[in-house]
Amino acid sequence: MSTDAALARALALVRDLRARCPWDRAQTRATLRPYLVEEVLELDHALRGGTAAELRDELGDLLLHLAFQIVFGEERHEFDAEAVTRALEAKMWRRHPQLFAGAERPDHETWEGTKQRERGAAGGVLGPLPPTLPALLVAFRLQERAAGVGFDWPDASGPLLKVREELDELERELRTTEPDAIADEMGDLLFAAVNLSRKLGVDPRAALERANDKFRRRFEALARLAEQRGLALGRASLEQLDALWEEVKRR
């Protein structure tokens with residue numbers, strides 16, 4: 001069965017739900033927004049380490065929400081699936097002139113350069129980003145967009161030096177104990193670390209997720225080891241806990 005027919009079935013399903021189910025008929029773009037965000041996050045979790053069946057189910061849940069939004073557009077006589085697909089095709093044709101005839105883009109212009117030109121003056125050079133996007137991803141995307149128009153180091157050595165520079169500046173501010181200045185330098189250090197991650201070809205969010213998982217595993221092992229040794233976590237000294245931590249790491 002073609003994917004066109006599969007999408008048509010999803011749209012037909014939503015139209016039927018809207019016609020016969022009071023709950024589905026009562027939904028609007030606004031009421032479904034929180035659920036859409038939740039489904040995207042669940043899909044992201046499945047992409048990280050879920051099974052093929054979990055990924056399939058989460059893609060289905062997201063497809064349902066996309067079908068709802070297209071049907072809302074149909075009901076308002078704003079757009080339909082054909083118009084959505086045409087807009088997508090036109091965008092991809094513009095951004096891949098080497099593959100599709102009829103689009104103009106300088107040979108040296110990057111994907112980000114093309115997107116920046118399309119965003120235009122309304123969103124500034126870096127353009128808008130979703131206000132709910134996590135700060136870690138905002139930093140990554142801002143750096144990608146700046147790199148797309150040539151503002152970037154040639155390799156990771158520049159960002160590595162920048163991380164060291166920001167760490168030195170943070171250490172100097174710690175002597176002043178000025179909270180705002182310390183927060184500013186801490187932000188600069190984190191921003192520089194994200195840039196280093198980008199230049200190393202490492203997804204900073206995935207790297208942080210791995211670090212979180214590692215810390216969780218090790219600390220839970222530390223807690224079990226403390227219990228075996230008769231140590232209460234809330235009353236053990238830092239030296240005792242640090243010794244347990246090093247033992248867990250060796251294991």
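The largest pocket in this predicted model has a volume of about 400 Å³. A pocket here is an open set of points on a 1 Å grid over the protein atoms alone, where a 1.4 Å probe fits, with protein on both sides within 12 Å along at least five of seven lines; lining residues have an atom within 4 Å of a point. The volume is the space filled by probe spheres set on the points, which are joined across faces, edges and corners.

Helix α3 (29–49) gives the largest share of the lining, five residues, and α7 (135–148) also supplies at least two. Helices are DSSP runs (H or I, at least four residues). Among the lining residues are Arg33, Asp44, Arg141 and Arg205.

Arg141 is also one of the buried residues of α7, where buried means under 20% relative accessible area, exposed over 50% and partly exposed in between (1.4 Å probe, protein chains only). Just after α7, Gly150 takes a positive phi of about 100°.

Now to the rings: the whole structure holds four aromatic pairs. Rings of Phe, Tyr and Trp (its six-membered ring) pair if their centres lie within 6.5 Å; planes under 30 degrees apart are stacked, over 60 edge-to-face, the rest tilted. Two of the pairs are shown here.

| Pair | Centres | Planes | Class |
|---|---|---|---|
| Trp93 and Phe100 | 6.3 Å | 55° | tilted |
| Phe215 and Phe219 | 5.7 Å | 20° | stacked |

Phe215 and Phe219 sit four residues apart in α10 (residues 204–228), and together with Trp245 they form one aromatic cluster.

Residues are numbered from 1 along each chain as its sequence is written. In this predicted model, local features need pLDDT of at least 70 and side-chain atom pairs count only at pLDDT 80 or more, while totals for chains, interfaces and linings use all residues; side-chain values use heavy atoms, leaving out hydrogens and water.
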